[in-house]
Amino acid sequence: MNSNPRDNEVTMNLDRRSFIKCAAALSAVTAAGSIFPGISFADWKRQEGASGMITWKKAPCRFCGTGCGLLIGVSGDRAVAVKGDPNSSVNKGLCCVKGYHSVQALYGADRITTAKVKRNGKMVEVPIQEALDIVAAKIKETIGEHGKNAVAIYGSGQWTIPDGYVASKLFKGCLGTNNVEANARLCMASAVTGFMTSFGLDEPMGCYEDIDHANVFITWGNNMAEMHPVLFSRMLSNRKLRKDVEIIDFATRSTRSSQAADKSILFRPQTDLAVANAICYEIIRNNWVNWDFVNKNVSFHKGKTNIGYGLEDNFQFTDKEEPLTFEQYKTFLEDYSPEKVEKLSGVSARDIKYMAALYGDPAKKVTSFWCMGMNQHSRGTWINNLVYNIHLLVGKISTPGNSPFSLTGQPSACGTVREVGTLTHALPHGAVANPEDRALAEKIWDLPEGSIDPKPTYHTVEMFRALDRGDIRFIWIQVTNPMVTMPKLTRYRDGAKKEGRFIVVSDVYPTPTTDVADVILPAAMWIEKEGMFGNSERRTQHFEEIVPPQGEAMSDTWQIIEVARRLGFEKQFPWAKEDYIGKIWEEYRRFHDNPKHNMAPYTVLKERPGVQWPFVNGKETRWRYNPEYDPACDKGRDFHFYGQNDNRAWIWARPYEPAAESPDKEYNFWLDTGRVIEHWHTGSMTMRIPVLYNAVPSSYVEIHPDDAADLGVVNGEMVKIISRRGSVTMPASILGRGVPPRGQVFVPFFDERYLINEVTLDSFCPISKQPDYKKCAVKLEKA
Amino acid sequence: MPIFSYLAMPIEGAKEALAEELKALSFCEVLPADNVDLLVLVTDAPDEKAQQDLLEQLQKIPSLQSLSMTFGCSDELQPER
C-alpha cells in the first residue's frame, strides 16, 4: 500500500497517460486499416486492461461541413480526448487539427455560464429564468407596438436540427412572421439556388464515396487542404493508391491545395463564369457531348441578364426562365472561345482546353468540388449552374466518381438550414409561398389555417438593414457572430446599437455580438446537449449529451421552448426535458415522409455514426437520380432527374458579368477574404484553444512579394487596407501559406481584433441573396 | 500534457529515412507498417509549448510528405488571451 497520496496520484497519472498513449496508437492503427486494407504493424502490441479510465462516445465534429465522426473521450464529467471514429464512412478514423482540439473549446476561461441583462447601461447577471421572462415579454411588447414583422430570429448552420426546427415553428408558425434567417445564407445560399434552378431539388446527388472512384478532381476556388482537410487527405490517399488520379486546383490565389495539386491554374476574380462557359464551348466544339445522356435527360434554358448587385435597400429581383434549343445554347457560347476568355480571365487557352479535355474524356471519372469561392459570388447561382452544365453535357453525374459536388462550410448548414428551412422563404418542407406546404406545416404544428404568412420577408443582409432602419426592433441571435461576419459591418453594427433596438444573444463566449446585446443567454455547447447535424453529403448525425452543460447554460432548443411557453404556445411545445430531442425529431421527420427525402428514425440515428437520406426501407441513398441507387427514380431508365417538372436536369445559358466593384485607379487591389485551417469562422472558439491560437495567433494580409516591395513593406509590417466603406490595419504576410497574384490581397476573417468586414461590400447574388465576400476594391498603404 | 497520434506518409522511397528522423525527435514514438509506406507516430509532449515546437520540427522533415492526425488528448486549462 502506498503511504503517500501524492505517489498514488503520480502512479495513476502515469497509468492514465500510458493508457492514453496506447489509445492514441490504436486509433492510428485502426485508421490506417480503414484507408489501406490489409496493412499490418508487426510491432504493434495492443494493451488491455485500462479501458475503464476513459469512456468513448460518438459525436460529429462541430466545425466544418465535412461531418467527421468523432469519438469523444470522457473522464468523469470532462471531455479530455478525441479520436476519429473508424466506423464513420466520412473520415474513416481521421480528423483535422481543429477536430482533435475541439473538446478544449468547451473549457475556455471566459465561458458564459450565467445569463446577463443590460440595466442602466451595464450588463448584470440574473438567473436564466428571469432572463427568459424578459425575452418573452420583449417579444410580446414589440409585436404589440410594431407588429409581428418587427421581431426576428437569426441562427446558424451550427444550430442543431432541433434548434432550427423549434425556431421555425415558433416564429413562422406561432408568431406568423417569416423573419427567420441563418448565417448559412452567407455561406451556401448560392449552392441552394444552383441546385434548385438546375435540378429542382436541393443538395448533392453524390457522396464522399465519389472520392474513391474519381480519376480527376477539379477544385473550383476551393482550398480544400485547409477548409476540408480530411476530404483532401482522402483525395491524396486515392492518388497514392491508384496512380491514375489527378488533382487540378483552379483558384484565384496559390494555397496549400495548389502546392499539393498536380496542376494549379489561377484565374482573375469573377472570371470563373467565363472559363466555365469556355469549357462547355470546347466540349461542344470537340463533340465530347454525351448525346445519349443529353437527349434523354437535359433541357436548355436562359434567364434574365444584367441582374444587379443588391446594393440598395429593399432590392428586388425575380428571374424569368425561357426555354432554349441546343442550337441557341451553342450560339450563346460563341462569345466564350478559349482564346477570347484567355484575355478576360488570365487563364491560357491551353489550360482551358486541358480542363475541357479532362471533363470530355469518356474514360475519366471527374468530380468537381467547390464551396465559398463559388457561393460567395455576386453571380453565385450562375456559377453553380455553369459547373453543372459541364457535368451534364458530358453525362458525368450521379454515378460513382462522376460528381459535381458542392461542399458546405458548417456542420449543419445542410441539416438545419437547408433541410429544416430556416430561411425566410422556406419551411421544413417547401416554401411559405406554396399553399400546400403551408397547410402541411400548419397541420403538423397543430396551428389554425392561415397562421403562416405566405410572403417571405427579409434575407440576411436585408434583415440587418431592416434592423438599422427600424423595421425590425427585436432580434434573437443564436450560435453565430454577425458583428464580425456581416459585410459592410459598420452600418449593421451601428444599426444594432440604435435606440429602440433589443438584441438577445445566445452564445458560449463573449464576442463583438454579445457586446451589442441587451440580454445574453448562456448556451450549452455541442456535446453538452443532445442534437443532430446534417453534413454536406446528406448525412444526418446524432449525438447525445456527453458532458453536462456548465453553470446555467441551456441548449438553444430548450431556450426557445421556454420562451414559446411563456408566449402561450404550450400546446405546440409540450415536450419534457428527458426526451424532447427524440420527440422533436420524430415530429420533424413527418415533413419529409416521401421517397425523395425520407429521414431515418431516431432509434436508427442513435445507433449509427450517421445516416444518409433519402432513407427508404432501411436503406441509405448514396447517388440520387440514378435508379440503381435511388428508390425515388422511375425504373427502366438510366437516370431520372425528378426534381424539375420536365423530369430533366436544366442547362442554363448564364453569361459572364463583372463583380459589383472592381479595382480602378484609386482602389487598385482586389480584396478576397476567407479562412485558415486552424480557426473556425470568427475564432470565438478556436482562438481559445492554446495549440490553435499559438499556431496562428493573429490575422494578416497576404500580399504578393512584388506588391509588398512596391509598398516598401516587409513580412510582419503593418499595412492599412482601405475601401470606400472603411479601413483596417494589420500585419503583412509575404510568401506565407497563401500567395495572391499581383493586384490581389487575401485576409482571413477569424480575428475580431482586425474586422476586415468593415472594409468589404454588401453586394449579393440577386437570386440567392448571398453576399460576395471574395471581391471588392481596396487600396493599400504602409502604416 | 498533449498526446497525439498521426499517420505519417513518407515521400517516395523514404520510409526508412523518415522513421529514423522521427525517432530522433524528442517525445516521438514510431510504429512503421510492414507492407505499406506508412508510419504511425505517437507524440507525448510535456506541455503545449513543447508540442508547438515539436510540430514546427515535424514540418521541417524533408522525407515527410504528409501527416494526418488520428487522435488528440489534452486536458490543460486554457491560458489567458
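Predicted model: local features only at pLDDT ≥ 70, side-chain atom pairs only at ≥ 80, totals over all residues.
Local features need pLDDT of at least 70, side-chain atom pairs count only at pLDDT 80 or more, and totals for chains, interfaces and linings use all residues. Residues are numbered from 1 along each chain as its sequence is written, chains are lettered from A and ligands numbered from 1 in the order in which they are written, and side-chain values use heavy atoms, with hydrogens and water left out.

Over all chains, the structure holds 56 salt bridges. A salt bridge is a side-chain nitrogen of Lys or Arg within 4 Å of a carboxyl oxygen of Asp or Glu. One of them pairs R418(A) with D202(A), with the closest N and O atoms 2.8 Å apart. This pair links distant parts of the chain, 216 residues apart. R418(A) lies in helix α16 (residues 413–419) of chain A, while D202(A) lies in the loop between α5 (189–199) and β8 (216–220) of chain A. Helices (H or I, at least four residues) and strands (E, at least two) are DSSP runs, numbered from the N terminus. R418(A) is buried, at a relative accessible area of 12%. D202(A) is buried too, at 12% relative accessibility. Buried means under 20% relative accessible area, exposed over 50%, and partly exposed in between (1.4 Å probe, protein chains only).

R465(A) forms a salt bridge with D313(A), and the closest N and O atoms are 3.7 Å apart. Here the partners are 152 residues apart. R465(A) belongs to helix α18 (residues 460–469) of chain A, and D313(A) to the loop between β11 (298–302) and β12 (322–324) of chain A. R465(A) is buried, with a relative accessible area of 0%. D313(A) is partly exposed, at 26%.

D751(A) forms a salt bridge with R753(A), at 2.9 Å between the closest N and O atoms. D751(A) is buried at 1% relative accessibility, whereas R753(A) is partly exposed at 49%. Elsewhere, salt bridges that share partners join D313(A), E462(A), R465(A), D468(A), R469(A), D471(A), R491(A), K498(A) and D762(A) into one network.

Helix α5(A) is mostly covered, with 10 of its 11 residues buried. Among them are V192(A), F195(A) and F199(A). The buried residues pack against α14 (372–375), α15 (380–394), β14 (403–406), α16 and β21 (649–653) of chain A. G200(A) follows the helix and has a positive phi, near 80°.

Chain B meets chain A through 38 residues, in contact with 49 residues of chain A. Contact means heavy atoms within 4.5 Å. The area buried between the two chains is about 3,700 Å², of which carbon and sulfur atoms give 61%. Buried area is the accessible area (1.4 Å probe) that two parts lose on being put together, summed over both. Between chain B and chain A there are 2 salt bridges. E29(B) forms a salt bridge with K21(A), with the closest N and O atoms 2.6 Å apart. On the side of chain B that touches chain A, β1 (3–10), β2 (28–32), β3 (39–44), α2 (48–59) and β4 (64–73) of chain B each supply at least two residues.

Strands also pair across the two chains. Strand β3 (residues 78–84) of chain A runs antiparallel to β4(B), joined by 3 bridges. Two strands pair if DSSP finds at least two bridges between them. G72(B), in β4(B), is the bridge partner of V82(A).
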